[in-house]
Amino acid sequence: MREGIAKMTPIVKISNLDKYFGRLHVLKDISLDVKEREVVCLIGRSGSGKSTLLRCINFLEEPSSGIIEVDGVKVDGGEKGKAHRGLVHNIRLKTGMVFQEFNLFPHMSVLENVIEGPVIVKGMDKDKAISLAEENLDSVGMLFKKDEYPLRLSGGQKQRVAIARALTMQPKVMLFDEPTSALDPELIGEVLNVMKKVAKDGMTMLVVTHEMGFAREVADRVLVMGDGEIIEDAKPKTLFTRPKDPRTKALIDRYRSGEN
Amino acid sequence: MNQAGTSQAELLYEAQQRKVRQFRNNVVITWIVLLGLLIFLFSGPIQIDTDFIRRNTLFIASGIGETLNISVLSIVLAIILALLAALGRLSTIPPVYAVSTFYVSLIRGTPLFLQIFFFFLALPQLGIVLPGLIAGVLALGLNYGAYMSETFRAGIASVSKGQREAAIAIGMTPTQTMRRIVLPQALRFAIPPMGNDFISMTKDSALVSATGFVHDVMWRATRVGRAEFNSLEALIIAAVFYWMMTLILTTFQNRMEARLARGDR
């Protein structure tokens, strides 16, 4: 169902990305291409730099150096000034982000959360935004809660609303930063199912996750990060059966032992 | 053996409720006794001039409007100044940060009483003569603004980093993020302390009367008290009015807080 990917040009292109936190070198000369409609999972131990890499793509973290390109918008990391801010803004319009802690706006209803971006940032007509929002809320199965406030929702429901909020900005790429890590185990499934659906609808996705099952089942590619570098980049089938790096093997062994 | 339908837990719960009720009843009774004692003291052992009270209560009461007027205007000014000062304090532009901290430091470093006299007595020397009410509102507003800026700053700080990141991620500018995401949540956090400040303001507004230009409850009480050498009675009347205002405002505030807590999402 996802053949033809290889032929397409990359929609996300990261070149020679470096990121320092003070003296700490957290991302080391990372280069990565993601093609349109591709689902890429980033796995790795905590502190390996996978979340930072994701957050550099939409400049929640400013890269120390390197180039980020999303759907033709090319931004030099480490630059400043008005032109730079304009480009960063354009990149943010092309990327949707889903956070570990959901980060729904607590003072707004579910529907208000979802239309906030399109109306305020894109200046979309409110009626149009509402119909688009309702469509997306429906597809994540949350339309029936559209007038509720986030406090009244379970973690899984919050995260599904957060996904609808990101989708309603009509991004080209979705970034998921450990979307199920803050959830009770019994709520993880509903969020993963929504993510599978988003993938099936053809969205380009980068997913930082500890959910090996999801990576194996849904990802087109799995990147393993360790010590600020991409230590392995393979199809899930290859990676899970013949891991090359010992660190990858350790990760997979731990997942296998948890499975039993 | 328990009665049918009454579990151990229910019995424990009821015992606990009984204790709570008993405590509350005892508090109310003691309040009433203390109040009665106070009334008794002034009706027997301490001679007070009831005729004076009858003649002047209305005169003093008619200052309530002015007291509330000055308090409301001052709190509005204070909120605006506090918001600006709090935002200035968070600014990365040095002069803006400096102006904000300078204002807060200067105001908090000098007595409110001095600030009030500054507007009434010092400014006229420079040829600036403000109407009594305006001068009072400026002094109180500036003073409370400096203190309330800390409340707002705490409110803004209470909004999690994730909220800002979510706003930034959907492409909001820093101004949009502040106005639409951070401030609404910060203000909700700041409403209860703001209520407290308003209640303090109604009492601190009495200081303005010392200048003689604002005819509030306190000014009226001291005026008739001094004129007839009945300050005891005059101040008792004023105290009762201030106390009643405080009680009413506190009730309102408690109700508002309860509603906020319920809607806290």
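Mentor: Let me begin with F113(B), which counts as partly exposed because its relative accessibility is 38%, and please keep in mind throughout that this is a predicted model.

Trainee: Where do F113(B) and F117(B) lie?

Mentor: Both belong to helix 5 of chain B, which covers residues 112-125, and they are four residues apart, or about one turn of the helix.

Trainee: What does the pair of F240(A) and Y255(A) tie together?

Mentor: F240(A) lies in helix 8 (residues 236-241) of chain A and Y255(A) in helix 9 (residues 246-259) of chain A, so the pair links parts that are 15 residues apart in sequence.

Trainee: And those two, buried or exposed?

Mentor: F240(A) counts as buried because its relative accessibility is 4%, and Y255(A), with a relative accessible area of 16%, is buried as well.

Trainee: Which residue lies over the face of F240(A)?

Mentor: That is R216(A), at 5.6 Å from the ring centre. Elsewhere in chain A, the charged end of R165(A) sits over the ring of F105(A), at 4.5 Å from the centre of that ring.

Trainee: Switching topic, how many residues of each chain are in contact?

Mentor: On the chain A side 23 residues take part, and they are in contact with 19 residues of chain B. Together the two chains bury about 1900 Å², and 62% of that area is on carbon and sulfur atoms.

Trainee: How many salt bridges does the rule find across the interface?

Mentor: Two are found between chain A and chain B. As for R55(A) and E165(B), their side chains meet in a salt bridge with an N to O distance of 2.7 Å.

Trainee: Last one, how is chain B divided?

Mentor: Chain B has domain 1, residues 1-39, and domain 2, residues 60-264, and the C-alpha centres of these two domains lie 39 Å apart.

Note on methods:
Residues numbered from 1 in each chain as written. Chains lettered and ligands numbered in written order. Predicted model: local features only at pLDDT ≥ 70, side-chain atom pairs only at ≥ 80, totals over all residues. Heavy atoms only, no water. Helix = DSSP H or I, 4+ residues; strand = E, 2+ residues; numbered from the N terminus. Buried < 20%, exposed > 50% of the residue type's maximum accessible area, 1.4 Å probe, protein only. Lys NZ or Arg CZ within 6 Å of the ring centre and 35° of its normal. Domains from an automatic or database assignment. Contact = heavy atoms within 4.5 Å. Buried area = accessible area lost by both parts, 1.4 Å probe. Salt bridge = Lys/Arg side-chain N within 4 Å of Asp/Glu carboxyl O.
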